[in-house]
Amino acid sequence: MTEENDIPGGDAAAEDESVPEFQTDADDKLPERELVLGDNGDSRVTVPRQTDAAGGDQVDFVHPEGGWGWVVMLAAMWCNGSVFGIQNAFGILFLSLLREFGSEDDEDLRFKTAWVGSLSMGMIFFCSPIVSVFTDILGCRITAVGGAAVGLVGLLASSFVKSLGPMYFTYGIVFACGCSFAYQPSLVILGHYFNKRLGLVNGIVTAGSSIFTITLPIVLSGLLKNVGLQITMRILCILMLVLMLAGFTYKPLLPVKSRNTHEPRMSQVFNINIWRSLGYRIWAFGVPAALYGYFVPYVHLMKHVEERFGQDASKEVLLMCIGITSGVGRLIFGRVADYVHGVNKVYLQVTSFLVIGVMSMMIPLCQIFGGLIAVCLLMGLFDGCFICIMAPIAFELVGAKDVSQAIGFLLGLMSVPMTVGPPIAGFLRDRLGSYDVAFYLAGIPPIFGGAVLCLIPWLEARRKKREKEEVNKQQDVTHKMIEHEKTQGGVQCKNGESVL
């Protein structure tokens, strides 16, 4: 993802005074950006530049494809790891919270405590549309640093609370909102530095969450055992402090949006350009539709294993399999996406949904533990595929200047199925006595969502074909007019008339 906020060397407000502004509003009649390759293989985008005088010229923006971008990549990788590593490790904190505020055997307390983690994860995605607006107005750097600071305050405050009630606010809202504001700019800024390697870089960045998810539970278990819950949460604040420092590396390169008034334009608050793209509208419907069943195995698989294979089954191995292969999948498919042309990258996401849907249906059929391991290995691999190519697909569908809000609104829409799907599966288990039907039904939404996404490459190909035909028609009309004027001029010259 990328944005058009700041110019290297200063904040957004200061930059507006020192550099020419670039108009990106929906109603400006500007030519589209043209992507070309430089002599050294660097990707170059021709960006229209508006001047105070009538007309304007163009400047070429060249993606560095490296340099300081590698530092930005590592900072973004830390962001993904720290944010989702802490979120995914809530199961470890969950048991400590139960012991801190009551008993592990208190079912009512278990239900109330579980909502702390659910609220926190849901808020990260629910806030995404708001974060995209702040990113467009303030820039990646300010948004990310401010978000990390808020997350740090929320996590630190959570370490001092003495009852569960305040935890909903400090951890479930303040900490989660801060994480949301820190997370999204970490993906947006990558588009300032990479184009040809964007898929690979996104794969490496999103692999950070897999690395932290695998290692952080081990670290937390030791800390909770030795120093207790409060001090452990304060130690976790170090991750957020480093995240805040990492945000300062987000040195923007793409041109700023013009600000002719002190108030942000409506297009910055709500960018309707993204909704004009039929491909994006289908994507924004298909992906959330697929997620109604996508996360059911991740939430209920452990309980299913206990019921099917007993309490002593090594269910932690399944989580490790998913985490490891998810990280591998992000690296592999991130690189593969760089070689897939245009919106055909959508087919990779379609494949990931189809495989995960089929694997969900296979879970009840596995009568041996080894079968479940094979299922989890495949699920993790294609989970990594789905996650790592979200940003490259958004770039293809709406372009660099609109990608921030495109991703933001998609993540916001994703928050609904992520919250609703697992409770429905739990309800079915309570009614039917097993998870079998829940897993069978969980496989349907990913398959349906994947089928819907198949329309996008076809529709985009038709759109480009129509645009090409219109351009050819205009060129033909222009050519005929020129020929006609030449003919008329020749006739006038023969008659001795002046053509001036």
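Student: Is W70 buried, exposed or partly exposed, and why?

Tutor: Buried means under 20% relative accessible area, exposed means over 50%, and partly exposed lies in between (1.4 Å probe, protein chains only). W70 has 32% relative accessibility, so W70 counts as partly exposed. Keep in mind that this is a predicted model, where local features need pLDDT of at least 70, side-chain atom pairs count only at pLDDT 80 or more, and totals for chains, interfaces and linings use all residues. Residues are numbered from 1 along each chain as its sequence is written, and side-chain values use heavy atoms, with hydrogens and water left out.

Student: How do I read the ring pair of W70 and F194?

Tutor: A pair of aromatic rings is described by the distance of the centres and the angle of the planes. Rings of Phe, Tyr and Trp (its six-membered ring) pair if their centres lie within 6.5 Å; planes under 30 degrees apart are stacked, over 60 edge-to-face, and the rest tilted. For W70 and F194 the centres are 5.1 Å apart and the planes are at 55 degrees, so this pair is tilted. F194, at 1% relative accessibility, counts as buried.

Student: What about F309 and F369?

Tutor: That aromatic pair is edge-to-face, with 5.8 Å centre to centre and 90 degrees between the planes. F309 is partly exposed at 25% relative accessible area, and F369 is partly exposed at 21%.

Student: Which residues form one aromatic cluster?

Tutor: Look for W275, Y280, W283 and F409. The structure holds 16 aromatic pairs.
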